[in-house]
Amino acid sequence: MRSHARVVVIGGGAVGTAILYHLGLAGIGDTLLIEKDELTSGSTWHAAGNIPTYANSWLGMRAGNYAWRLYKDLGERVDSPITYRHTGAFWPAHTEDRMALFHHLVGLSRSAGYELSMLTLQEMERLHPFYEARGGASGGVIGGILDPYEGDIDPSQLTQALAKGARAAGASIARFTRVTGIARTASGEWRVETDRGAVTAEILVNAAGFWGAEVARMAGDDIPVAALQHQYLVTEPLNALASHRDSFPLVRDPDIRFYLRREGNGLLLGSYAHDGRPAWPGGLPEDFAHQLFPDSVDDIAEVLDEAIGHIPLLATAGAQRFVNGPIAYAPDALPLIGPAFGLPNLYHATGVQIGITHSAGIGKAIAEWITEGETEWDLAAWDPRRFGNWATQDYAIRRAAELYGLQYAIPYPHRLLTSARPLQRTALYERLAEKGAVFGQIGGWERAFWFAGADRPDPGHDGYGHLSFRDDEPWRAAVSGECAAVRDAVGVMDHGGFTKYEVEGPGAAAFLDQVFCGPLPRVGRVRLSYMLTPKGRIWSEATVARLAEERFLLCGPTLAERRDFDWLCRWLPDDGSVRLRRGSKRPSALLLMGPKSRCLLGRLTASDLSREVQPWMSVTELDLAGVAVTAMRVSFVGELGWELHLADRDLARLYDAIVEAGTDLGLKDFGSYALNAMRIEKGYHGWGADFGTEYTLFDAGLDRFADLGKAAFVGRDAVLRQKEQHAEWSFHGFVVHDSDADPLPGDPILLNGSLAGYVTSASYGFRIGKRLALGFVMRGLSEEGGEFTIESFGTRRQAICTGLPFYDAENRRPRS
């Protein structure tokens, strides 16, 4: 085995070999892959090998479409045979809500540049000679959706082909080699100890599948990876298939919760119609390569009768074999792909539940991280740093088990997962619960999403109350009241888990001036500013408060806390002139918003809170009811208001004082749903929704935040080039008419029936009584007052392009 390589990849399944292959395509051949057994050991060898392009997000659709395009002629390119059948797939629907979801996904695929389409019952039966849409005891099929790109591939042949292509580019592969330890050298390289010697690498990639958490721990990181059992059945050969050589589509019935396709002259049937079952509740075994778990016939039997109702041919089939093996899950069922937190040149590529499909896109992404420092696609949703220390192994197992049961469930946007909660709570958790708070989880923190009061519904497997895409969910009336209170009186929100960083030292201002594209605020002032990548794409945002000449407080997105901290550390000077602290001495935060907020605070302090002394976008130190507070006059809801940052120990004391002082002013608690609705009314961009690494400042309409007169900032050269070019997109608001449902992200925006753009955020604007959407339109197609349509759940609704903000267009209320 080699003693040095530029890149070492640990794990020889489809993901690890795809990374090795893509590094070769990128010109990096000085690579070594280490596999403790044979290639494909773990999950790859027993995978069903389906390659779906159907997904609930752009990122998932892109990964699936990239996979089939890469795999379709990979065998020919590397001269390694791969059995790959392109059959297409359809998904039947038994309910109107499922049909609504399918209509949305057709629109989502259209806005992403793909071609899912709706199917009638007759079309499904014409596509599949053994399928009966009208059969079954579970209720008739009422329609379906077609994925024309899906197929199935031999996972072992795919892995061997990727490995062969990587070897041709210079890669080495060490099989039957066990990693026993990982350490950083004094020079910053990675030293990987194995039972066949040690290898030193500049860059290390953890692609160890369900062993990913163990490999991460060796390297000094903790990531949440669970392994669950998943089973499918392969029937004996059937005469009807032996005499029918034409291919037919794979069937995925999400309401009955099975998938079925041809396997030779038999059928392969897999099911998610049972509770998620941890693979090894007591911990990972020392040796597990090509083993399987015992057959669980009852799991298949639960859906077999219903499946037979639609595929009668199954009734004539005997079981040839069961395949019950482990698959990896992260706690949100999305992969863990990208840089490790706080450990330079370590990348994770693990926790991949749809491994054969996603391995291609993962290989592409990791190669881009290594060679370019950023990726073509926005991978924030897959970034492993979205989980903190709160995501323990127990949490990962319990949450993954819940998600397994929801694998085919309708992904309602307001479903609240209930397993392994609560974890992180503020001191107000019990108080708010007594007031009827319905909590959701953000970054491990319990945060009140809405307040149901005495009508608080009982939690169930689906969260709280009736789930729907329409306006009949139970939270809407309560949120309307919360927004009205913030508009007309005053509201308070406990914002647990606020991301904060403290920056100080003689070089603090120069450091932040380099990292942020905008000008720094003066002492006592606050600015919203953006961090850009070297290619001029938007990395993240932060509210920058200047507490003293060389002392700053930064507040950013909750889920980006680790990700953004790594980004800040990347640009820190080496001379010790800057002290960057993750977190704050005052980690708690209360948002006090509304026209009566000044009056309320005036009852708690002797300080002058007037507009002249504490204007909009200012920061000051206040004593409120004997509590020391860093008070920022900023508002994400577009009202007069303050963000109050304080020590955890003082949170309950200050909250109680605010409640007592505000009772006669109409004070009301509000939650995250109201906060989001009000920020959309103001047209404020949301990280992860309305901007990210795929957009420039000019695309997103945020170029006013850049100071191009500064001598230097990260991405400045790229921004100057972009300024001389025409932006690809323009960001706009739309008032949507005659609709009983909020559009979903990715819904197409049409002009004269042709695709013009897509929705990024939407909500009913409770303060103004209008349904609103934010989104991108191709540059040059939009103008204020222009008539568009938004295709939502299969229906086209009139949408009028309007200036932003929708609410308080002159921004007088927060400045009052």
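## Before we start

What you see is a predicted model, where local features need pLDDT of at least 70 and side-chain atom pairs count only at pLDDT 80 or more, while totals for chains, interfaces and linings use all residues. Residues are numbered from 1 along each chain as its sequence is written, and side-chain values use heavy atoms, with hydrogens and water left out.

Let's begin with strand β12, residues 197–206. (Strands are DSSP runs of E with at least two residues, and helices are runs of H or I with at least four; both are numbered from the N terminus.) Seven of its ten residues are buried, so β12 is largely enclosed by the rest of the structure. Buried here means under 20% relative accessible area, with exposed being over 50% and partly exposed in between (1.4 Å probe, protein chains only).

Which strands does β12 pair with? Two strands pair if DSSP finds at least two bridges between them. Strand β1 (residues 4–10) runs parallel to β12 over six bridges, and H4 has T200 in β12 as its bridge partner. Strand β11 (residues 190–194) is antiparallel to β12, with five bridges. A hairpin of two residues links β11 to β12, and T194 sits opposite G197. Then there's β19 (residues 346–350), parallel to β12 through three bridges; look for L204 opposite L346.

## An open sheet and its helix

Now find the six strands that make an open, mixed sheet, in the order β31-β32-β33-β30-β24-β34. At the edges are β31 (619–624) and β34 (667–669), each pairing on one side only. On average, neighbouring strands are turned by 30 degrees against each other, direction ignored.

(Axes are lines fitted to C-alpha atoms, for helices over the stretch in contact; angles run from 0 to 180 degrees between N-to-C directions.)

## A residue in a loop: T693

T693 is in the loop between α18 (672–681) and α19 (697–700). Is T693 buried or exposed? T693 is buried, with a relative accessible area of 10%. Apart from neighbours within four places in sequence, T693 is in contact (heavy atoms within 4.5 Å) with W377, D378, T533, R537, I538, W539 and R563.
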